[in-house]
Amino acid sequence: MDFSRYFYYVNIRIEKGKIEQAALLNQLAKTTFIESHAHSSPPKDFKDYMDRHFTIDHLKKELANPAFEYRLLFTDDQLVAYSKLIIDTPIATVKTQNIAKLERIYLSEKFLGSGLGKTLFDYNVDLAKSNNQAGIWLFTWVENHRGIAFYKKMGFEIIGSYDFQVSKTHSNPNHQMFLKF
C-alpha cells in the first residue's frame, strides 16, 4: 500500500516554471496526461496528440511565453503537480471581463487525495486575483468524474460544452466550467 497520500507534507513549494525545467516538466506532463486521458481516444490518435503536444521543445516555447503562467508544485524536491494559467482570456459564453483560463492542472496519480491538488488550485486562484481577474474558466473531459467533482467542490459551475480535438477524426466532449470570484 502507498502511504504517501496519508502523510502531511511539510516541504511544499510552488514556483514559476523555467525553461531549464522543460525536460522535468515534460516527464510529469506526459505521465499525468496518460494517467488521465490514455483511455479517452483510439491509441493512434492519442499517440499522435502526445507526439505533437508533449515534447521538450514545445514546453520550452510555452515556458518562454510570458502570457502563460506555469506553476510547478514540489514536495520534498519531487515535482508532483503543475498548472498553466492564462490571464485575461475571455470566452464568448462568459460575459464577465478580466477572466483567466486554467488550461492545465495535473497532479501525479499517486498523490491524489493528498490535498496537494487543492493547494495548487488555491495558488492559481490567488494568482488570478492578484492579476485583477474576476474568475477562472476551464474545459474538462466529461468522463473526468473525479476532476468535475473537485471543480464543483471549488465552486465551478458547468456553463457549456466544447469538443476537444484530439485528431482530425476524433474529439472528446468537454464541459466548460466557470468560477466567478
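The legends below describe close-up views of a predicted model. Residues are numbered from 1 along each chain as its sequence is written, and side-chain values use heavy atoms, with hydrogens and water left out. Because the model is predicted, local features need pLDDT of at least 70 and side-chain atom pairs count only at pLDDT 80 or more, whereas totals for chains, interfaces and linings use all residues.

View 1. Helices (H or I, at least four residues) and strands (E, at least two) are DSSP runs, numbered from the N terminus. In helix H3, residues 56-64, the side chains of Leu59, Glu62 and Leu63 belong to buried residues, where buried means under 20% relative accessible area, exposed over 50% and partly exposed in between (1.4 Å probe, protein chains only). These three cover an arc of only 100° around the axis and therefore lie on the same side of H3, the arc being that of the directions from the helix axis to the C-beta atoms. Asp57 and Lys61, on the other side of H3, are exposed. The buried residues of H3 pack against H1, strand S2 (68-75), strand S3 (78-86) and strand S4 (99-107), with contact taken as heavy atoms within 4.5 Å.

**View 2. The largest nonpolar core.** A nonpolar core is a set of buried Ala, Val, Leu, Ile, Met, Phe, Trp, Tyr and Cys residues joined through side-chain atoms within 4.5 Å. The largest one has 24 residues, and those with the most contacts inside it are Val80, Leu85, Leu102, Phe121, Ile136 and Phe156. Its largest share, six residues, comes from H4.

**View 3. Strand S4 and its partners.** Eight of the nine residues of S4 are buried, so this strand is largely enclosed by the rest of the structure. S3 and S4 run antiparallel and are joined by six bridges, two strands being paired if DSSP finds at least two bridges between them; alanine 81 has leucine 107 in S4 as its bridge partner. S4 and S5 run parallel and are joined by three bridges, and the bridge partner of lysine 101 in S5 is tryptophan 137.
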